[in-house]
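Here are my notes for anyone opening this one for the first time. Have the viewer ready and follow the points in order.

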Amino acid sequence: MSLLLSDAKPVSLIGAFALLAGLALAGCAVGPDYRRPAAPPVDRFTAQPLPAGTAAIRVAGGDAQRFLQGRDVPARWWTTFGNAELTRRVTTALSHSPTVASAQAALRQAQENANAAHGGLFPSLDAGAGATRQKQSATQSVGSAGPGPFTVYNASVSVGYTLDLFGGVRRGIEAQLALADYQRAQLDTTYLTLAANVVTASLREASLREQLRATEQILDIQSKSLQIARQQQQIGSKSLSDTLAVRAQLAATQATVPPLRAQLAATRNQLATYLGITPAQLELSPLTLDVISLPRDIPVSLPSGLVEQRPDIRAASAQLHAASAQVGVATAAMLPQITLSGSAGSQALRAGDLFSAGSGAWSLGLGLTQPLFHGGELLHRKRAAQAGLDKAVADWQQTVLVAFQNVADALQALQYDAEGLAAQVVAESAASQQLALTDSQFQLGSTGYLNLLDAQRSFQQARIALIQARVARLADTAALYAALGGGWRSDAGMANPAANTPTPPPTAPH
């Protein structure tokens, strides 16, 4: 493109700028090139090799779980629990939670900032026009048309370009792209955390319902015992102290009900927040442990795959990348900067004379700036950027260590919880048999109230512990899925982990 000036000589400003821009882009970029640190050189997560699976127990929720090493976690891992209500809750939360909307907006913001940073690679082109009313002094007006007042009209096009000889602009773009990657990983973290929270809260809700049901059964047994004690007291076969002991045990059991109900209400309120609605709008179908399946096949990613998959590690990698690029930005700021500028336009005393013969004006400029003294600002900014890079490396390493710890904890918890469930099944069965035997003996008058109360208390504790052991296996499975990264990535061609799954509006979940 050529600009035709008043003397009819073409000056290829844009072409010159384009050539210089190409030379600048072909130049080097100062600062370190990003390299992610090496992952821990291990081939497993736990100190001992992972067994083929967990123990199996003949009880609901006691299936053996097989560890499939080298397999990836499914994208919608919550569906492996085989419960439509649980899937609906997670899908609703992912579709309507404000935390997801916030993370999505943050990603769009970071992407637009990265797009804006690309503008530094190109010349700036501006058009301007104006009119100035002025009056000159007698000295200024010598040889001119007179002191005025008069109006000067002008119109021009200006071009400016700063050569990116040392890659400062390119490093800045690199940093912005890395920050966009960070926000993308944060979005994945939001999805993963929200799904895990909904599953965990739903399991806790089911557990609390089961514990309330078990407690109510115990209360029914103790109420009948109190009726018998009162009848025997009336006929004189038992003392008042025996009746008071039974009543005290009944009251103690009743006292455990309000805290359980409070926990259940708080859990439901938390679920409402996860689903993006208020507690007053919450309408959930109740969940029981019997309708939630324990996943039998558990994929376990390779350690190298965990570094690639887990979103918090990817976020730390993106922060490390951005910190590396910032060192280049700070380094380039200390080096010479070459600026090109040019303008072409017209000036006239009448608007109609603009762009007429003799009204043209143009300028070309070349500027060189070498920072010499800024009170140590540029040097310390570079050192700060280098310290930021060191911090990002350490943060990445810590994030990886915590991730490996999370996976190891979840894997070992699955093994030990299976053994714990087996022990609780035996304990609950023994407590149930002991209660039945003691109750029969009590009816026959061969044992006292204290023995019956002890049997009831042991049975109640065993029932609650069995419920908690069943829930622990389910919760630990969800924790392992989350620790392995959830299997879903927003940069893998999926816009939303809840996509293609119909969900009701958030104000009326059922």
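This is a predicted model: local features need pLDDT of at least 70, side-chain atom pairs count only at pLDDT 80 or more; totals for chains, interfaces and linings use all residues.

1. Helix α10 covers residues 449–483, 35 residues in total. From its first C-alpha to its last it reaches 50 Å, close to the 51 Å expected at 1.5 Å a residue. It's mostly covered, too: 25 of the 35 residues in α10 are buried.

2. After α9 comes Gly-445, whose phi is positive, near 80°.

3. Time to zoom out. The protein chain has 10 helices and 8 strands. Of its 510 residues, 40% are buried. The accessible surface of the chain comes to about 25,600 Å², and carbon and sulfur atoms account for 56% of that. Take the contacts between residues at least 6 apart in sequence: 83% of them join residues at least 24 apart.

4. On to the strands, with β7 (residues 337–348) as the one to find. Strand β5 (residues 150–162) runs antiparallel to β7, and 10 bridges join the two. If you want a landmark, Ala-155 has Ser-346 in β7 as its bridge partner. β7 also pairs with strand β8 (residues 360–369), again in the antiparallel sense and over 10 bridges. A landmark for that pairing is Gln-337, whose bridge partner in β8 is Thr-369.

5. Which residues touch the most other members of the largest nonpolar core? They are Trp-77, Phe-81 and Val-199, out of 62 residues in that core. Helix α4 (residues 168–234) supplies the largest share of this core, 12 residues. Apart from it lies another core, of 20 residues, including Val-257, Leu-452, Ala-455 and Ala-462. As background, nonpolar side chains tend to be buried together in soluble globular proteins.

6. Is Ser-97 buried or exposed? With a relative accessible area of 5%, it counts as buried, because buried means under 20%. You'll find Ser-97 in the loop between α2 (84–96) and α3 (98–117). Its side chain makes a polar contact, at 2.7 Å, with the side chain of Thr-99. Beyond neighbours within four places in sequence, Ser-97 is in contact with Thr-92, Leu-194, Tyr-274 and Gly-276.

7. Last stop: Thr-253, in helix α5 (residues 240–255). Thr-253 is buried as well, since its relative accessible area is 2% and the cut-off is under 20%. What does Thr-253 touch, not counting residues up to four places away in sequence? The answer is Thr-215, Ile-218, Leu-219, Gln-222 and Gln-460.

How values were computed. Residues are numbered from 1 along each chain as its sequence is written. Side-chain values use heavy atoms; hydrogens and water are left out. Helices (H or I, at least four residues) and strands (E, at least two) are DSSP runs, numbered from the N terminus. Buried means under 20% relative accessible area, exposed over 50%, partly exposed in between (1.4 Å probe, protein chains only). A polar contact is a pair of N or O atoms within 3.5 Å; within protein, one must be able to donate a hydrogen and the other to accept it, and residues adjacent in sequence count only if both atoms are side-chain atoms. Contact means heavy atoms within 4.5 Å. A nonpolar core is a set of buried Ala, Val, Leu, Ile, Met, Phe, Trp, Tyr and Cys residues joined through side-chain atoms within 4.5 Å. Accessible areas come from the Shrake-Rupley method with a 1.4 Å probe; for residues, only the protein chains shown count as cover. Two strands pair if DSSP finds at least two bridges between them. The expected span of a helix is 1.5 Å times one less than its number of residues.
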